[in-house]
Amino acid sequence: MAQSTETTDWVSRFADEVIEESARRAPGKPLVVASGLSPSGPIHLGNLREVMTPHFVADELRRRGHQVRHLISWDDYDRFRKVPAGLAGVDESWAEHIGKPLTSVPAPPGSAYPSWAEHFKAAMVEALAELGVEFDGVSQTAQYTSGVYREQVLHAVAHRADIDAILDQYRTKKAPAKQNQQKPLDEAELEAAEGSGAAGEDDGSAAAGAGSVGYFPYKPFCGNCEKDLTTVTSYDDDTTELSYTCTACGFGETVRLNEFDRGKLVWKVDWPMRWAYEGVVFEPSGVDHSSPGSSFQVGGQIVGIFGGTQPIGPMYAFVGISGMAKMSSSKGGVPTPGDALKIMEPQLLRWLYARRRPNQSFKIAFDQEIQRLYDEWDKLDAKVADGSALPADVAAHARAVGTAGGDLPRTATPLPYRTLASIADITAGEQEQALRILGELDPENPLRSLDEARPRYDKAEAWINTQVPADQRTIVRQEPDAELLKSLDEAAQQSLRLLRDGLADHWSLDGLTHLVYGVPKVQAGFPADATPKELPPEIKTAQRTFFALLYHLLVGRDTGPRLPTLLLAVGQERVRGLLGE
């Protein structure tokens, strides 16, 4: 079993609090942490924080030898609220299902799953498996329809006046402007806020209109059309006889609530009921659940009606997206964990959530920034290995690379992501050529199989293919630019000769790096290995001019992949031809 981290980070502090709180509430019982996810559409990277925050805490508790249950409550018995934009095969005809439970809505066309909820749940389950998240999934459809919560439903209905009195304290309060936000939310963050479920918060008061019995915390789903557009018209506390009518189709019936399982408690009552039922000690909540009258705050009072106590847990901030490609935004929301895992290893994605406290917002990169993030991760990896990393960084790294059950699978030879991306770009998927280039990066320790560079190579290739616009892809020239070569002055021609003459002796990534940076130095009368401190500022200008010339001659643009990688990819013979030999 992996050891507990040796430093105190945000995860360790919350683990301490959970142990203390559990000992006070239910000594000797397994510790329960919880997440809640609604499979109402693609479950995005903002929702992932709902899972990763308690996951890290649960994992730390397991490292310390505690029995832990990380409960993920699938809110698949929630109503279908709206038709998400941009889903393949899904159009406005799906609006006919609004009001039905998510498990009663057909899956998108071509899905292998029987319902809308199962379709979107499956993608998240697959991503969580790759991320190493151990959890107990609980379907709220199964819980309600099997009668598991029947006693809790009857209890809530019997105490509806008490619940209504608590809710009434907040109904006239206006939520203040968003706090804890340094700047206005961008489009992706607004989508994330809406997708969290806060927009659908319901306390049951909407059903207390004309013809109803007044406030009622339970909504039957119609026995005819399956929608929750129902009004409870009578209820007998002694017999539990309940009558309702459906405003959608006109259907009505009388049932006994003590044997009826086709309905659910309204959200602001449902959530605290489950806290009490499951004995949840730790559960985070998004900023959208933290304002006066929101479900987390009100739930703290309603949970007492069920004999429970509100969980401890932080408010978590939004997760933004850097450079989301148009093909992703067309989904009508922000990317999913599955989208992120196509272009980054699970260790990197885990690290992004582990290194920031829950109340700190951060962005996940889908643009060129991903290369800088990978460089930062690789530097941290090296520092941890040589013992020079700071304690907090060591803790975040440990939580990223593995769990209490062991380390996550990792790339055997983790070459720089930017190098792999450049090779995938230049070779356009030709694996033999990619392996040739990778084998020449370090001639003393040549890569013998692409599998040694996987899965990182595959992630970098996927990033190039899905996130880099076509006009930014690298296409090596087929023929030399004769006109440009003819126009060069003697100094430019000399720089090309120096490069061509050094290719054979410097044919490795490090060697070519030394060569291309050294040519302008040698031309100016300095040694090729002279350091920046030994050189005048003009050398930097000369290097930029030289690099631009090489890019124009090789790929017909001012910029491109790192030149040493590009030269390796093109190959010595072809480089010589394009540079005028």
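## The second largest pocket

The lining of the second largest pocket consists, by class, of 15 nonpolar, 3 polar and 5 charged residues, where Ala, Val, Leu, Ile, Met, Phe, Trp, Tyr, Cys and Pro count as nonpolar, Asp, Glu, Lys and Arg as charged, and the others, Gly among them, as polar. The model is a predicted one, in which local features need pLDDT of at least 70 and side-chain atom pairs count only at pLDDT 80 or more, while totals for chains, interfaces and linings use all residues. Residues are numbered from 1 along each chain as its sequence is written, and side-chain values use heavy atoms, with hydrogens and water left out.

The volume of this second largest pocket is about 530 Å³. Of its 23 lining residues, His119, Phe120, Ala123, Thr336 and Lys342 are the closest to the centre. Helix H3 (116–130) and helix H11 (337–343) each supply at least two lining residues, and the largest share, 8 residues, comes from H3. Helices here are DSSP runs (H or I, at least four residues), numbered from the N terminus. A pocket is an open set of points on a 1 Å grid over the protein atoms alone, with protein on both sides within 12 Å along at least five of seven lines, whereas a cavity is a set of points where a 1.4 Å probe fits but cannot get out; lining residues have an atom within 4 Å of a point. Grid points are joined across faces, edges and corners, and a volume is the space filled by probe spheres set on the points.

## Cysteines

A search of the whole structure finds 0 disulfides, a disulfide being a pair of cysteine sulfur atoms within 2.5 Å. The sulfur of cysteine 225 has its closest cysteine sulfur in cysteine 246, at 3.6 Å, which is too far for a bond. Cysteine 225 counts as buried because its relative accessibility is 16%, and cysteine 249, at 34%, counts as partly exposed; buried means under 20% relative accessible area, exposed over 50%, and partly exposed in between (1.4 Å probe, protein chains only).
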